Every structure is written in structure tokens, then in C-alpha cells.
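Morning, everyone. Please bring up the structure.

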Amino acid sequence: MNETASPPPAELGHHPPIEPEPGSYRDRNGSVFYRDGRVFRRLGARARENWKLLRDASFFGACRADGRIVDTWEATPSEGGLGPGILEHARVPFVSYPYEWPFGMLKDAALLHLDLMGQALGADMILKDSSAYNVQWFGARPTFIDVASFEPLEPGEPWVGYRQFCELFLYPLMLQAYKGIDFRPWLRGRLDGVEADQMRRLMSARDLLRPGVLLHVAAQSALQRRYSAGAGNVRAKLARAGFDKSMILRNVDKLGGLVARLSPPRMRTQWSDYDRTHSYEEAEFRRKVEFVGEAARHRRWKLAWDLGCNTGTFSRIVADHADYVVAMDGDWMAVEHLYQQQKAAGDPGSILPLVVDLCDPSPNQGWLGTERKGLAERGRPELTLCLALIHHIVISANIPLADFVRWLAGLGTSLIIEFVGRDDEMVQALLANREDQYDDYHPEIFEDLLATHFDIKDEQDLKGGRRRIYFATARS
Amino acid sequence: MHVNLRSLPFPVFLSGLFLGMSATGAHAYLDGGTGSMILQLLLGGMAGLAIAGKLYWYRLLALLGVKSKTDAAEAQARNTPQGRARVDR
């Protein structure tokens, strides 16, 4: 490990409370905990040996330097009583989950995982698991966070994480690419991913001819069924029969090619729809941009949320004045567009694009209901943008206006929010085919609610008075 | 049109090919990763296929009574928790 490239050794001398990461219980040999806002990993005896191997492997230094593996250094144990074998990791600005990623993010996370598998195998090491949750993001840059997953490759050992790679990466990508099925509800519905048997049932006869389906889906499902009752110590038998690293390398290499060629069919045809994404005349749009820019300049924000971000026009404006922006929209194509744009522009790690339906956001779930956290529990915003959003919340999703404003106030965030009036063509389109039961949807009621929970600092009419935009700060 | 894959010859062929890996089906423990590990022979290119062929050949010899099923007892002895797949997160 190149110590000169590392931050100074962490001192654990004072005693702020230790907070275990509830999603890190599986690996007894390398559990994560937090202390004083910093991220640590406690290594067991075996994991400590693995860490020494990893630390001295040349690929690790290179991957850490370019961010493919999260920056990691050895903490110095002192009177903190934490004992030896503690690593400290750079903190990921906002944790996200595969069921919130657009297709391109899951695909790039899969390719990163395969890349690291190849690198590790070159150093006679391997990743012992293939959890998609081990990839996190600095903006549009993926980083692998679970250094305790690297272990030495025993001679003749197969790739134990192969099945998990299929369930959490390959099958979800295939679902979207081959069937046009949104993979996110599947991953959210089962944290361990899509099983081979379920995947096989989703494949038609024609799908068997698509790349990778026959072997990775049909054959895997058949063999899993055949050997569900066990087949003795298969690992030992494979080793005795002459299984070796070259076979894993070939599988990893072929999987890399397969994943790289996957793309969602709709993306190719409807991409151009996203080039123009608003209902404003240019001059009016510029006024809105200026208002948002002026409000965002009010101060430096640690974390900003852009709710209903579309393709991220305003996320980028706010990113100039915030350490980190989480840009969310329920429309995965818009979020995909944002991700690809940020990636192409060499995103400095400032905007995290996520597919989130605000009316049904990611819940607390998994073991004890704490393994995967709900949205607001992963970091509360200091500034929140709700532009061209509120009519979708109140009219499309039938959420009472007062409830939505109260929810925003509960986040403790400042707000840039746009009220879209009843005479706006977007609202009229929403009301055209439904009973108008929205007695609460009026600008006066909205303004009263806003003033009750926030301090309104600035406001301005847009679109000839059909919309009005507000900048309001959190009331302490 | 959806087709029940069980009716397709390919998985059946594969299952037959890998019968040689299992000396007995009597083990009671569940290891969902077993089939996925065996599949890695097919995904391992020519070298993997050669091993699969070798294992199939032993299975054929056992069927013909040329080779006894000592693998079964051996496998049982090795059937320890440490021998199972570790899939941590």
C-alpha cells in the first residue's frame, strides 16, 4: 500500500459511540461500523491476512488511485479500544441501491465487478461474492466498497460468486434488454435478486437464442434443479478433476462481452423525446433558470435533492453550489439520459442520478427492516428542488397538498418549489380525464401551507402567472 | 409463445452429462450453488469441456460396473459445513 497516497492514519483515541452498519452482518470477517461520521471496517483474523495480500497487490493500488475501489487505509488503533485490524474507508456521499439505478448504472456496476474479478484473478485472488450492493457511486463514477470480498484463490476453486453475479447483475440486465421488463421492482422485491428458475420461466423459446440465455439461464436453472439436493463436495471434485483459474477467467471475459452488448430496446427509439423536456418558451425558461441559480447561491449546501429532476438541467445548476446533488425521477429513461450525459462529461462526482417514485419511495427493508434504508434515512437534504412536480404529486398521485408540504418540512430542508396553476396546460391535461376532487390545489392554499412551514425568501411569477416559483428556507 | 424448457433437449442433455458428478442423490443438505459451480465447466472453454468429458466417462464406467461408486462415501465424508459455498455480502 502506498502510504504517501493515503490520508493520515486515523486516530481512534476519543470515544464517540460506535454505530454498526445494519447491512453488513453477513460477513463476520469484515463488518462495517461508523464512528463520528467516519466509516470503518473491522477485520477478523482471516480477513486481516487477506487484506495484507490485497494491500500488496499492484492492481489494488491502481484501482484505489483511479477510484474503482473505494479509498481505504489502515486506521491506527489507540485507546479507543477497537483493537487491531481496523480499516477506514472514504465515505460514500449518498448510499444507493441497485433497485434505484437506471439500466446504464447497473450495467456499469456489472462491468466494474467483472473488471475487478479479472484484476484479482491476475494476482491469484478472487472476489468471494458478487453482490451488486458492493458497488456505490461518487456521482456517475462507480466504486467498489467491499475490500473484504477479496481473498486468495485456492487452487482448483470455482467462482463461488458466479450465481450471485447472475442473480443480481446479469438477469436483471437481461430482463430489461431482452424482455423490456423494468428490473427495479424485481430487485426491490427480492434483495438477493432474480433466481435462475424464475428467470428461465420468463424466457420464451425465442429468448433461448439470445446471447447468454441458453447457458447462463436455461442450463444453470436445469443444473440447479438437478443438484438441489447436493452432489457431495463439488468444489473438491472440481479441483481434483483439474478445474483451474483459466476457466474462471474465460467465463469472466465472456460475461464482460455479453454485458457490454446489452442495451434496453426502447432506449434506441425514444431517446430523442428527451431532448426537449419542458413546456416553456425560451425567455421564460431563462427566467426560471436565473431564479433557481440565484436561490442556490444563497449559501453552500452539503446535500441537495432534485425531486422530479427529469434530465437534470436544474441539478447541474444547483451542483455548482452544493457538495452533492441526488437527482431523482420516476422516469427511468430521463434518469438514464442524465447518467449517460454525466458520464460522457466526465462527471466530477457531483450528481447521483436515481430512479425514485416519490409516491412509492424505497422503504426500509431486509433483515430487521434495517438492512436497506429508506430514502430520507440515508442523508437529509439541506436544499430540495421541486420543479414542475407538485401537480404530479397532488393530481396524478392523489397525495393531499398539505401532506406533501409537511413531508418536505419534516426533512428540515430549504426549498425551491414551483406551483403549477390550474390554467397551465400540463395541469389541464392531467385533469382532462379524471374527476376534479382537488379542492386543496389552489395557489392561495399552497402559499399558506408554505408560509406555515417555511420562511419564504423570494418568489416570482412564471409563464404569465400560470406558474409561480418560490425560494423558502427551513424554519428552525 | 412460451415453451416449457423442461421439454427441450438441451437441459436434459446437460443433466445427463453431469450425472457423473453425483455418485448419489441421497445427501440431505441443500446447496443451491452446486449446479452453478458445475456449470462453470461448460463456461470454461475447451479445458472445462475436457474435464466434463472426463467426469462423464467415469460415470459411464460406473454404470457399466467397471468402476465402483466409491465417490459416494468419499463425498459424504467431505460433506462438512466448510465444504459448502460461502456467499457473503
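One convention before we look: angles over 145 degrees between axes count as roughly antiparallel. Keep that in mind for later. Also, this is a predicted model.

Take domain 2 and domain 3 of chain A. The contact uses 17 residues from domain 2 of chain A and 21 residues from domain 3 of chain A.

Which elements give two or more residues to the domain 2 side? They are helix H3 (103-122), strand E7 (135-138) and helix H5 (184-189) of chain A. H3(A) supplies the largest share of that side, with 3 residues. By class, the domain 2 side holds 10 nonpolar, 2 polar and 5 charged residues.

Stay with H3(A). It also pairs with helix H9 of chain A, residues 245-261. The two axes come within 10 Å and cross at roughly 160°. That angle is over the cut-off of 145, so H3(A) and H9(A) are roughly antiparallel to each other. The crossing of H3(A) past H9(A) is left-handed.

Who makes the contact? From H3(A), the residues include Leu111(A), Leu114(A) and Gly118(A). From H9(A), they include Leu249(A), Val252(A) and Gly256(A). Lysines take part too: Lys107(A) on H3(A) and Lys245(A) on H9(A). How do the residues of this contact divide by class? Into 11 nonpolar, 2 polar and 2 charged.

That's my tour. Over to you.

Conventions: Residues numbered from 1 in each chain as written. Chains lettered and ligands numbered in written order. Predicted model: local features only at pLDDT ≥ 70, side-chain atom pairs only at ≥ 80, totals over all residues. Contact = placed C-beta atoms within 7 Å. Helix = DSSP H or I, 4+ residues; strand = E, 2+ residues; numbered from the N terminus. Nonpolar A, V, L, I, M, F, W, Y, C, P; charged D, E, K, R; others polar. Axes fitted to C-alpha atoms, helices over the stretch in contact; angles between N-to-C directions. Parallel < 35°, antiparallel > 145°, perpendicular 65-115°, else oblique. Left-handed = near helix turned anticlockwise from the far one by under 90°.
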